[in-house]
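Hi there,

Here is the structure we talked about handing over. Please open it alongside this message as you read.

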Amino acid sequence: MAKSDARGWHLTVQYAGKRRQLPRRKQVRRWLRAALADRGRTAGEVTVRFVGGDEGRRLNAEYRGGDRATNVLSFAYDDAPRLRGDLVLCAPVVRREANEQGKSLRAHCAHLVVHGMLHLLGYDHEGDAQQAALMEAEERRILAALGHADPYGEQE
């Protein structure tokens with residue numbers, strides 16, 4: 001379901017399968033807005049889609065050359081004048097990781113939505129340690145403002 005707001009953002013959250021324990025649309029939009037805050041962006045369109053393992057694996061293979069489903073994929077379509085992009089979270093992978101890391105599913109989803117949104121905004125952590133450190137610092141700051149623990153430190 002899509003939702004536009006007075007700030008010029010059109011944020012859509014989709015569930016390709018059962019929503020069992022996945023965050024509600026309202027919560028996902030809150031995380032997206034937190035990642036967008038103070039970034040000078042005034043409008044855009046972002047879709048977050050929760051998918052199953054088969055779709056996650058297919059998308060990762062097609063767009064990143066991976067042979068497995070991954071937790072989050074970011075697809076930026078346009079950067080000017082409006083930010084446009086998709087985030088795809090593979091629900092089974094996210095659930096498994098949250099369990100393995102001793103995190104709540106909600107906290108892990110919040111982290112991955114913020115992480116993916118920062119990718120759409122141009123942050124990158126691959127191949128450049130300085131950029132990775134900057135991105136992680138932003139993730140920590142945003143998640144702390146949302147009431148979540150450091151995703152790279154102590155678990156919730």
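A word on the basis first. This is a predicted model, in which local features need pLDDT of at least 70 and side-chain atom pairs count only at pLDDT 80 or more, while totals for chains, interfaces and linings use all residues. Residues are numbered from 1 along each chain as its sequence is written, and side-chain values use heavy atoms, with hydrogens and water left out.

**The core**

The largest nonpolar core has 36 residues, and the members that touch the most others are Val 28, Leu 32, Phe 50, Leu 89 and Met 117. (A nonpolar core is a set of buried Ala, Val, Leu, Ile, Met, Phe, Trp, Tyr and Cys residues joined through side-chain atoms within 4.5 Å; buried means under 20% relative accessible area, exposed over 50%, and partly exposed in between, with a 1.4 Å probe and protein chains only.) Two or more residues of this core come from each of strand S2 (9-15), helix H1 (25-36), strand S3 (44-51), strand S5 (83-90), helix H3 (91-101), helix H4 (105-120) and helix H5 (129-145). H4 gives the largest share, nine residues. (Helices, H or I with at least four residues, and strands, E with at least two, are DSSP runs numbered from the N terminus.)

Beyond its neighbours within four places in sequence, Val 28 is in contact with Val 13, Pro 23, Val 48, Phe 50 and Val 113. (Contact means heavy atoms within 4.5 Å.) There is also a second, separate core of eight residues, Leu 59, Leu 73, Cys 90 and Val 93 among them.

H3 is worth a look of its own. Its buried residues are Ala 91, Val 93, Val 94, Arg 95, Glu 97 and Ala 98, and what covers them includes S3, S5 and H4. Just after H3, Gly 102 has a positive phi of about 70°.

**The pocket**

The largest pocket holds about 400 Å³ of space. (On a 1 Å grid over the protein atoms alone, a pocket is an open set of points where a 1.4 Å probe fits, with protein on both sides within 12 Å along at least five of seven lines, and lining residues have an atom within 4 Å of a point; points are joined across faces, edges and corners, and the volume is the space filled by probe spheres set on them.) Its lining has 22 residues, and those nearest the centre are Arg 64, Val 72, His 119, His 125 and Glu 126. Helix H2 (53-64), strand S4 (72-78), H3 and H4 each give two or more residues to the lining, with the largest share, four residues, coming from S4. By class, the lining has seven nonpolar, nine polar and six charged residues. (Ala, Val, Leu, Ile, Met, Phe, Trp, Tyr, Cys and Pro count as nonpolar, Asp, Glu, Lys and Arg as charged, and the others, Gly among them, as polar.)

**Single residues**

The loop between S2 and H1 holds both Gln 21 and Leu 22. Gln 21 counts as exposed because its relative accessibility is 64%, and Gln 21 has a positive phi of about 65° although it is not a glycine. Leu 22, with a relative accessible area of 8%, is buried. Not counting residues up to four places away in sequence, Leu 22 touches Tyr 15, Phe 50, Ala 91, Arg 95 and Leu 105.

Arg 82 sits in the loop between S4 and S5. At 32% relative accessibility, Arg 82 is partly exposed. Leaving out residues up to four places away in sequence, Arg 82 touches Gly 8, Ala 43, Gly 44 and Glu 45. A polar atom of the Arg 82 side chain lies 3.5 Å from the backbone oxygen of Gly 44.

Glu 138, in helix H5, is buried, as its relative accessible area is 15%. Setting aside residues up to four places away in sequence, Glu 138 touches Arg 39, Leu 118 and Tyr 123.

Lastly, Gln 101 lies in helix H3 and is partly exposed at 33% relative accessibility. The Gln 101 side chain makes a polar contact with the side chain of Lys 103 (2.9 Å). (A polar contact is a pair of N or O atoms within 3.5 Å; within protein, one must be able to donate a hydrogen and the other to accept it, and residues adjacent in sequence count only if both atoms are side-chain atoms.)

Best wishes
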